[in-house]
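Dear colleague,

Please find below the structure that I am handing over to you. My notes on what was found in it follow directly after.

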Amino acid sequence: MMTVMQLSILVPMLVVWLRRRDFPPAVKILSWYVYLSAFCVLGIRFFAPYDNSLYLIYFNVGKIALFATVYYKAVESVRMRQLVLITALAALAVCVGLTASGFFTHSFDLAVVVCRVVQSAVLAAFALVYLEQMLGHGTTAPVSRDPIWLLSVGQLLYSAGTVTAFSLDYLSRTPYEQAPKSMIVAVVGTIFNVFLTLAFLRAKPLPAVAADAETPSASQLARA
C-alpha cells in the first residue's frame, strides 16, 4: 500500500504538466508540491533505503514552507496572513532546531516524529483558517469548485490520519504492531493525492477583468 501511495503522486503531477499554465498564482505555487514529494520518494527508494530520516525531515520542512506560501496567497485577511507567516516560521524553527540537534545525538528519530506532527498540526490550522474564510463569504457557488478548499479538506483528513499513525509509535512494541501505522499513512496519503488532483483539475485562471483591475492602466498612471 505504501508503494501505491507513493506512485499516486504521478497522477497530480500529470495534471500539473497538462494544466499548469491555467493555474492561478496560489495553485501554481502548490504545483511544486508534486516535485517535492517525488524527490523525497526517489531519495528514500534509491539513496536511503535503510535510514530515510533526513528525507522525511526535508519533506516536512518543505511542505510547511510551500503550503504556508499557498495559504498566505489564498487568505484575504491581513491579520490572518500575518498569523500564517508567524506560525510557519515558528514551525520551521522547531523542525530545523531538532534536526540540528540530531547531528549531535546521531539520531533523527525524535526530529522525524515531531516534524511530522508539527507539519500536520500547522497545516491543519491553515486549512481551518481558509475554510472559515469560505464560510464567511456566504457565497452560493459550490465550494467543491474551489481548489484551495479541496486542498484544505484533503489536508485535514491527512493531518488527522498522520497524527494518529505516528502516535502509534509510542504504543507499538514490535514491527508487527506497527503495521496499522503504515496502513494508515498509506491510505491518508493516497486520499490526500486524490484531493490534490481534484484541486488541480478544478483550478481556473484568474478572470481577465480581475487581472486588469490589479494592473493600473496607462491613463490611471498618467492621472496619478
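How many helices and how many strands does the chain have? The chain has 11 helices and zero strands, where helices (H or I, at least four residues) and strands (E, at least two) are DSSP runs numbered from the N terminus. Read from that end, the order of elements is α-α-α-α-α-α-α-α-α-α-α.

Two remarks on the source are needed. This is a predicted model, in which local features need pLDDT of at least 70 and side-chain atom pairs count only at pLDDT 80 or more, while totals for chains, interfaces and linings use all residues. Residues are numbered from 1 along each chain as its sequence is written, and side-chain values use heavy atoms, with hydrogens and water left out.

The chain as a whole

Of the 224 residues in the chain, 42% are buried. Here buried means under 20% relative accessible area, exposed means over 50%, and partly exposed lies in between (1.4 Å probe, protein chains only). A contact means heavy atoms within 4.5 Å. Among contacts between residues at least 6 apart in sequence, 73% join residues at least 24 apart. The chain exposes about 12600 Å², and carbon and sulfur atoms supply 69% of this area; accessible areas come from the Shrake-Rupley method with a 1.4 Å probe, and for residues only the protein chains shown count as cover.

Helix α2

Which residues of helix α2 (residues 10-19) are buried? They are Pro-12, Met-13, Val-15 and Val-16. These residues lie on the same side of α2 because they cover an arc of only 160° around the axis, the arc being that of the directions from the helix axis to the C-beta atoms. The face turned away from this buried side carries the exposed residues Trp-17 and Leu-18. The cover over the buried residues of α2 includes α4 (33-46) and α9.

Helix α5

Tyr-55 is found in helix α5 (residues 53-74) and counts as buried at 17% relative accessibility. Leaving aside neighbours within four places in sequence, Tyr-55 is in contact with Phe-39, Cys-40, Gly-43, Ile-44, Phe-47 and Ala-48. Tyr-55 and Gly-43 are 12 residues apart in sequence, and their C-alpha atoms are 6.8 Å apart in space.

Lys-63 also lies in helix α5. Is Lys-63 buried or exposed? Lys-63 counts as buried, because its relative accessibility is 0%. With neighbours within four places in sequence left aside, its contacts include Tyr-33, Gln-119, Gln-155 and Phe-192.

Cysteines

The structure holds zero disulfides, a disulfide being a pair of cysteine sulfur atoms within 2.5 Å. Cys-115 is in no disulfide, and the nearest cysteine sulfur, that of Cys-95, is 3.3 Å away. Cys-115 counts as buried at 0% relative accessibility. Cys-40 is buried as well, with a relative accessible area of 4%.

A loop residue

Where does His-106 lie? His-106 lies in the loop between α6 (78-105) and α7 (109-137). His-106 has a positive phi of about 60° although it is not a glycine. Most residues other than glycine have a negative phi. His-106 counts as exposed, because its relative accessibility is 70%.

Yours sincerely
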